[in-house]
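Please look at the structure below and then read the report that follows.

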Protein chains: 2
Amino acid sequence: MTIYKAPLNDMRFALYDVLGAEAVLGRLEGGEAHSRDLLDAVLDEAARFNEQVLAPLNASGDAEGCHYDKATAAVTTPKGFKEAYHQYAEGGWAGLTAHEKFGGQALPAVLGALVKEMIDSANLAWGIYPLLSHGATDALEHHGTEWQQDTFLKPLVEGRWTGTMCLTEPQAGSDLGLLKTRAEPNEDGSYRINGTKIFISAGEHDFAENIVHLVLARLPDAPAGSRGISMLVVPKFKVNADGSLGERNGAAAGAIEHKMGIKGSATCVMNFDDAQGWLVGPAHKGLVAMFTMMNAARLAVGIQGLAVSERALQNSLNYARERLQMRALSGAKLPEKPADPLTVHPDVRRMLLTQRAFVEGGRVLAAYAALQSDIEARDTDPQARKQAGELLSFLIPIAKGLLTEAAQECTKEALQIFGGHGFIAEHGMEQFVRDARIITLYEGTTQIQALDLLGRKIMQLQGAGLKHFLGEVAAFCQANAGNEAVKAFVGPLAAATKAWGELTQAIAAKAQANPEELGAAAVDYLYYSGYITLAYFLARSVLAAESSQLLSADGKQAKRDTATFYFARILPRIHLHKAAIDAGVETLPELL
Amino acid sequence: MTIYKAPLNDMRFALYDVLGAEAVLGRLEGGEAHSRDLLDAVLDEAARFNEQVLAPLNASGDAEGCHYDKATAAVTTPKGFKEAYHQYAEGGWAGLTAHEKFGGQALPAVLGALVKEMIDSANLAWGIYPLLSHGATDALEHHGTEWQQDTFLKPLVEGRWTGTMCLTEPQAGSDLGLLKTRAEPNEDGSYRINGTKIFISAGEHDFAENIVHLVLARLPDAPAGSRGISMLVVPKFKVNADGSLGERNGAAAGAIEHKMGIKGSATCVMNFDDAQGWLVGPAHKGLVAMFTMMNAARLAVGIQGLAVSERALQNSLNYARERLQMRALSGAKLPEKPADPLTVHPDVRRMLLTQRAFVEGGRVLAAYAALQSDIEARDTDPQARKQAGELLSFLIPIAKGLLTEAAQECTKEALQIFGGHGFIAEHGMEQFVRDARIITLYEGTTQIQALDLLGRKIMQLQGAGLKHFLGEVAAFCQANAGNEAVKAFVGPLAAATKAWGELTQAIAAKAQANPEELGAAAVDYLYYSGYITLAYFLARSVLAAESSQLLSADGKQAKRDTATFYFARILPRIHLHKAAIDAGVETLPELL
């Protein structure tokens, strides 16, 4: 059995001390309602729910998995999942960050991000159901008609219904331009949808009485490729004028997938068979609407990476402190015991510190990004809103790419600390590895994030977000160059940041001559950017720790230790990635 | 369904062209019998058996797993496993490399290594049963009495019985000194064994009529710790004087483990309850005997890494060539198709080339190491035998550590190429990831290999193996400094080799001041050494390709491409590991 205790103190440290969220949120529209007391109360309540309700269902949900009944096309989720969802909905968690006019609580996105981390640490598979509802909520908030919002959005916000994103088809994965699902107009202004979607998370389940599918499809007059994709809202049950459920719509699960992990999450093949739906947003502009929800979902998947790493860390640290095996090389540390604890071995500490650096740095990164979305949505200064939007859009592929890849490393190291026991199901560590494996794949693979970062956010958008971010880091370095507490980090950080700008220029120049150089550089550039980004947030954490009321003396020292470790042993990876980028596409020939 | 085709041509290239095994084997004692024709025929036959018999059982064995019946303590292996084993035994594969006087074929270990690779590519879980028999065979060949060899070894070599290695106990994993199983003398010279062992691969199954356990235990007068461990041979069924099976011995499986992967391999809890056994080798010297089998087993586990990576590569390359998704950044390559194949994307090629470099370099490394064991056993020159033994013992932790860790990377990248489909069980890629996860843990974790390399093979043994190896690489570099075919690789290789020697000296100096520095450096040093070792074998492969009759023009170019990729994008990792080593133990503080 694995343990999970919400890391409330470190969350508060990231939120208040590192990011100064109290002041930032206070100056936003509606911010006067978001007192620290309120945020703290929500965090406490979330910790209780996640530790007590969701965490105990994690292993059993994996062992039991979901079941599909062919006769009824119904999906049964693991024992306890449905009841946990009802508690979640009753607690108002579904509408935590949704707009008040749809029944939400309009709490800050940054708070939502911390709550999301707890959910995903407690139960990654379960957390996928509300994640999909969030995506649907976002899309309908931004692009739905008033009727669509009344009919579909409000029950989503209440948690009575759940949502999905129906994108992938067998021949159309990363390449949505290839999708074939058709939507033909009915006389009443609705559409008939026909086609098959795969990999639809939460496509069918027993949590809620209705499911709201947001489906990408082609209208009859659609241009080919990704410019001819429209978004439609397609409920599982049609909805009567009074909001009650009408007849069953032609949208049903045809099967569920047998997967490596997240077995409690129902991944469905969805068959649309003359299903009735309604256009969301303009015709052929479905990808724009989809990216609204996808951006939020990508940050959420980055948070999944952070979350599963946090739980892996808690368990491996716990084990390393308790398991007695071999003596320290410098002599017995606990001579009265049969052996010393694993923590006496430097390489065990390396594996633990690797996890801690990614978790604690990643937590600040995720919260910082979420805070940008609060600023983008509610700052009174349009310039601040614009800048926050650019920063957010730049940081999303970094957060998604880096934190999901780091989760592979963290869960691997956590399992390794358990030795052979890590491979055995009952210890629970191998579930973290299996669950984590999906996150570098869905919502855009690491390769897609890398192309989004380098091709779109840097090249097409002239790197506005990068410029803001480099400026912020440079300002931090300048302000703290003489500060004893952080000056050991400021030097390498300033150098790395300068090199980042230069490397970006160099890639742009190479790509002008040969666009394939972009593809050859992208993933290395993503890591390169990610490691520097994390270095910045870890250095800021050391500075914030100095004056923190939340951290003990040991806690402050721990922040310094984490940054020291990271700057000495992780940040140098940027040189490796630079060498790979410099080597260019000519070192990646066709495989003969 | 996954594919598997034995890479016979690349195996022959490694064996004959890179390593010149024909000449080496020919000059060894008994080598006149080992003609190229014979070796080729064995390889062909092995390919047939593994492609046709074992490979088709890989996915079904994973899905079905092993079953334990509490009432009879019997284990049922997946459908087809038992029959495959009977074919294996009838084909004489069990005794392929065993001594002729025990009924073996006494074929070279290097041939055994290539056959082992095929078995493990075809079916990693199944391959664990004969792997354990090999270990028991080795131990009894070297340390058994004549009676033990007649009674237990011959049926092992015939494949009628199988073997195990019973080391681990719940409190004694990496630290065998903590083991508690007791062996008390009977009046007839045998011993009564009592205790519980865990993680015993092939501890119980339905392949064979008897199982020969080699058990580590303490005699009543044993000193504490690892100096008080003895090895005993304990059959499942006692053996009558005529070799027929007698009564059931008190050695039985109490349970099997539910694991992340290798589900077709029965991992048993073994209860020894007044079991009768016989001492193998001298009292209290069990670890020495165990290391005889462990060294061979460690190389075999390195080969498991190579093998699972080979199969992952075959499948991901196949998929990347067939799957159409998106266009090349420089414009459509197959405009008549709806999209281009994945191979047009440089990062997909990076993931494929990463696998190919580790597989092809790893194959030469494994074969080279196995060839040293042939030389050690059968060279007529005692000096050559000694040197080969030192080289082998130095290379084993490198091969085990690097090839098993590389398998984590290779199987991860192979799955990544499949995108979301990689996570779905039916594509088979996730099984490779799950199966591969055990190999950095058993037969000594990566951390244990690293300490064996740096602490024992380098520091305690004054680095004799390293000196031979550095000398060999230096001679290669010197001889080929002006050779057009390889000079691009010789320069970086010579520099890296020189740095390797210097780094070793620097660590030794640091460790004198503080032994904890060894533990802080060991894993990074293992990778550092491994990457240079592989660079050498890839450079040698390029040279060998020039004059190879086995490779086409494309095949020769492919060897150059692989080395170019590796030297540009993988070998620079050594700088990262050096930075980590330089950072030292002070960057790995206690976790507060």
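## Salt bridges around Lys559(B)

In this predicted model, Glu360(B) and Lys559(B) form a salt bridge through their side chains, with an N to O distance of 2.7 Å. Glu360(B) belongs to helix α10 (residues 346–378) of chain B and Lys559(B) to helix α17 of chain B, so the bridge ties together parts that are 199 residues apart in sequence. Both Glu360(B) and Lys559(B) are buried.

Lys559(B) also forms a salt bridge with Asp10(B), where the closest N and O atoms are 2.7 Å apart. This pair links distant parts of the chain: Asp10(B) sits in helix α1 (residues 8–18) of chain B, Lys559(B) in helix α17 (residues 553–569) of chain B, and 549 residues separate them. Why does Asp10(B) count as buried? The cut-off for buried is under 20% relative accessible area, and Asp10(B) counts as buried because its relative accessibility is 13%. Lys559(B) is buried as well, with a relative accessible area of 7%.

## A salt bridge within one helix

Side chains of opposite charge can pair when their charged atoms come close. Arg378(B) and Asp374(B) meet in a salt bridge of this kind, at 3.5 Å from N to O. They are separated by about one helical turn, because they are four residues apart in helix α10 of chain B. An α-helix has 3.6 residues a turn, so residues three or four places apart point the same way. Arg378(B) and Asp374(B) are both buried.

## Salt bridges in the whole structure

Over all chains, the structure holds 73 salt bridges. In chain A, salt bridges with shared partners join Asp10(A), Glu117(A), Glu310(A), Glu360(A), Arg363(A) and Lys559(A) into one network.

## Helix α3 of chain A

How many residues does helix α3 of chain A have? It runs over residues 36–54, which gives 19 residues. From its first C-alpha to its last, the helix reaches 26 Å, close to the 27 Å expected at 1.5 Å a residue.

The buried residues of α3(A) include Leu39(A), Val42(A), Leu43(A), Phe49(A) and Leu54(A). Asp40(A) and Asn50(A) are also among them. The buried residues of α3(A) pack against α1 (8–18), α2 (21–26), α4 (58–64), α5 (81–90), α6 (109–122) and α7 (124–143) of chain A.

## An annotated span

An unreviewed UniProt entry lists residues 165–274 of chain A as "domain: Acyl-CoA oxidase/dehydrogenase middle". In the model, this span is 0% helix and 46% strand. Its end C-alpha atoms lie 18 Å apart.

Note on methods:
Residues are numbered from 1 along each chain as its sequence is written. Chains are lettered from A and ligands numbered from 1 in the order in which they are written. This is a predicted model: local features need pLDDT of at least 70, side-chain atom pairs count only at pLDDT 80 or more; totals for chains, interfaces and linings use all residues. Side-chain values use heavy atoms; hydrogens and water are left out. Helices (H or I, at least four residues) and strands (E, at least two) are DSSP runs, numbered from the N terminus. The expected span of a helix is 1.5 Å times one less than its number of residues. Buried means under 20% relative accessible area, exposed over 50%, partly exposed in between (1.4 Å probe, protein chains only). Contact means heavy atoms within 4.5 Å. UniProt positions are given in the numbering used here, feature names are shortened, and annotations may be inferred rather than shown by experiment. A salt bridge is a side-chain nitrogen of Lys or Arg within 4 Å of a carboxyl oxygen of Asp or Glu.
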